[in-house]
Amino acid sequence: MCGIVGLFIKDISLQPKLGSLLAGMLAVMSDRGPDSAGFAVYGAGDADRVKLTVRGGSLTGIAEALGKDVTCAIHDNHLILSLPKDRETAVRRWLAAERPDVKIIGSGQRIELYKEVGLPAAVAERFNLETMAGTHAIGHTRMATESAVTTAGAHPFSTGADQCLVHNGSLSNHHSLRRMLEPKGISFETDNDSEVAAGYLSWKLREGATLEQALESSLVDLDGFFTFVVGTENGFAVVRDPISCKPAVMAETDRYVAFGTEYRALVGLPGIEKARVFEPEPARVYAWEHN
Amino acid sequence: MQVVDLAKTSKRDLNSRLHALVPNTNETHWRIENPNGQHSLVVGVDAPVTIEIVGHAGYYCAGMTKQATILIEGNVGVGVAENMMSGKVHVKGDASQAAGATANGGLLIIDGDASARCGISMKGIDIVVKGSIGPMSAFMAQSGTLVVLGDAGDALGDSIYEAKLFVRGSVKSLGTDCVEKILRDEHKIELRRLLDSAGVDKAVKVEDFKRYGSARKLYNFHVDNASVY
């Protein structure tokens, strides 16, 4: 089953409430995915710095070891490192060598990514989603079908800078896609089918496709059921498989664009009574971006 | 009028009260507030009452109803009026997938659009959609009538039996065994009757619709296919 929520803020005055609105949406989608939850928040960022989201293992001592120009913020068992862009390769190398027990699950100028097993409301609370601000965010509540219920198997999946993907559905050709992508340098952390979809899009983007083109080609190359919501530094995009196997509903007002697997997830948003509520058509890419 | 606020009353309580209605009930007019997209609202009603839902409803709204008139002042989720037996369901907004699925009778009116699989396996219901319908609508439709003032998506009427389909706009593609048929006078009369009962403007001309139905080629095994086995 699974539930997806997404919120793209148009009215700047709503940005400080991004996290609290998303937390409400995520909690409602517990019925569709009580196994685990995760979310990506696009908050403040600096053009010459990069943020790494690190989880797993022991997080103590990492910031100290990396030196003064690296700042760190601990959110429960996740660590957000902010470092000068030119140090990213060195920091990644150091983490791989010295702290092989931790994983980098997201990186980019603005993305922060959190995921954990447990009920969505508890996961949101644990990371203080309520207090997070930003321009847009996407979240996922998981009912596992294709792989195990683990933190690593929770969505969103990020396979490129400031990119992330959440998926409702299941893919049937993810093994062959994985075999096609791995020799091209796209690496995967899990056995999860949705991570392969994220990797597929990262590959397409790397080859020069726009997000819209990448999603359009996914309609040809991916076999299975899917509703995807994809986050990028500037916005988010939505696509559903050609037979619209998985539900989706969207709402748009002057202040925001919201996505929910069910309308119930959108009920708590301000001004929802007057929003334009519509169902995205199958096999059509919808995208919203900040200029 | 009976007013039920779903912010205070549970959906189960509401549905139980509606199931308890007797045929000659005096509680003939209901207004349901704050539906907030909840699923399975006003399901299985079997009494000649009018129920207004003020706002958006979730999945399976007004399913399995008999006799009742149900008005939804908003959008509905998957499977509105599924397996309806008689009466009327009127959606003022859009409907999600599988509107009127497997329904045996009654009239379903959708003022906005209906998405994929509208009228799937319909068994006698009349459906009037004032907007457009999504792909795979009227899949395996058995009987009844589907009228669409807008356009239809891919694979309309795939594997259709004897339902009648009338579409005013474009049809993206027809499904297997669904073909365009001649719009004869008896069809025009039937179409006018349905448009009138759905409150469609008289300016909408029946001549602008095209009729689609079954080519009846899937009814029997075709010997040319024997080599497949």
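This is a predicted model: local features need pLDDT of at least 70, side-chain atom pairs count only at pLDDT 80 or more; totals for chains, interfaces and linings use all residues.
With 291 residues, chain A would have a radius of gyration near 19 Å as a compact globule, and its value of 18 Å agrees with that. The radius here is taken over C-alpha atoms, and the globule rule is 2.2 Å times the number of residues to the power 0.38. Residues are numbered from 1 along each chain as its sequence is written, while chains are lettered from A and ligands numbered from 1 in the order in which they are written.

**The two chains**

- Chain A holds seven helices and 16 strands; helices (H or I, at least four residues) and strands (E, at least two) are DSSP runs, numbered from the N terminus.
- Along the principal axes, the C-alpha atoms of chain A fill a box of roughly 50 × 45 × 35 Å.
- Chain B has two helices and 11 strands, and its pattern along the sequence reads β-α-β-β-β-β-β-β-β-β-β-α-β.
- The C-alpha trace of chain B spans about 60 × 50 × 30 Å along its principal axes.
- Where the chains meet, 11 residues of chain A and 15 residues of chain B take part; two residues are in contact if their C-beta atoms, placed from the backbone, lie within 7 Å.
- The chain A side of that contact divides into seven nonpolar, one polar and three charged residues. Ala, Val, Leu, Ile, Met, Phe, Trp, Tyr, Cys and Pro count as nonpolar, Asp, Glu, Lys and Arg as charged, and the others, Gly among them, as polar.

**The sheet in chain A**

- Seven strands of chain A make an open sheet, in the order β7-β2-β8-β1-β14-β13-β15, with antiparallel pairing; two strands pair if DSSP finds at least two bridges between them.
- At its edges are β7 (111-117) and β15 (276-278) of chain A, each pairing on one side only.
- Ignoring direction, neighbouring strands of this sheet are turned by 10° against each other on average. Axes are lines fitted to C-alpha atoms, for helices over the stretch in contact, and angles run from 0 to 180 degrees between N-to-C directions.
- Strand β1 (residues 3-9) of chain A runs antiparallel to β8(A), and six bridges join them; A:G3, for instance, has A:T141 as its bridge partner in β8(A).
- Helix α1 (residues 18-28) of chain A lies across β1, β2 (36-42), β8 and β14 (256-260) of chain A, at about 160° to β1(A).

**The sheet in chain B**

- Here 11 strands form an open sheet with mixed pairing, ordered β1-β2-β3-β4-β5-β6-β7-β8-β9-β11-β10.
- β1 (2-5) and β10 (178-181) of chain B stand at the edges with a single partner strand each, so one side of each has no neighbour in the sheet.
- The twist from one strand to the next averages 15°.
- Helix α2 (residues 185-197) of chain B packs on this sheet, touching β6 (107-110), β7, β8, β9 (164-167) and β11 (210-214) of chain B, and its direction makes about 70° with that of β8(B).
- Strands β7 (residues 123-129) and β8 (residues 143-148) of chain B run parallel, joined by five bridges; B:V128 stands opposite B:V147 in β8(B).

**Helix pairs in chain A**

- The axes of α5 (residues 174-181) and α6(A) in chain A come within 10 Å and cross at roughly 40°, which makes α5(A) oblique to α6(A). Angles under 35 degrees count as roughly parallel, over 145 as roughly antiparallel, 65 to 115 as roughly perpendicular and the rest as oblique.
- A:H174, A:L177, A:R178 and A:L181 of α5(A) make this contact with A:D193, A:V196, A:G199, A:Y200 and A:W203 of α6(A).
- For α6 (residues 193-206) and α7 (residues 211-221) of chain A, the axes come within 9 Å and cross at roughly 130°, so α6(A) and α7(A) are oblique to each other as well.

- A cis peptide bond, with omega about 0°, joins A:H155 and A:P156; A:P156 sits in the loop between β8 (136-142) and β9 (157-160) of chain A.
- B:Q67 has a phi near 70°, a positive value in a residue other than glycine, and lies in the loop between β3 (50-54) and β4 (69-72) of chain B.
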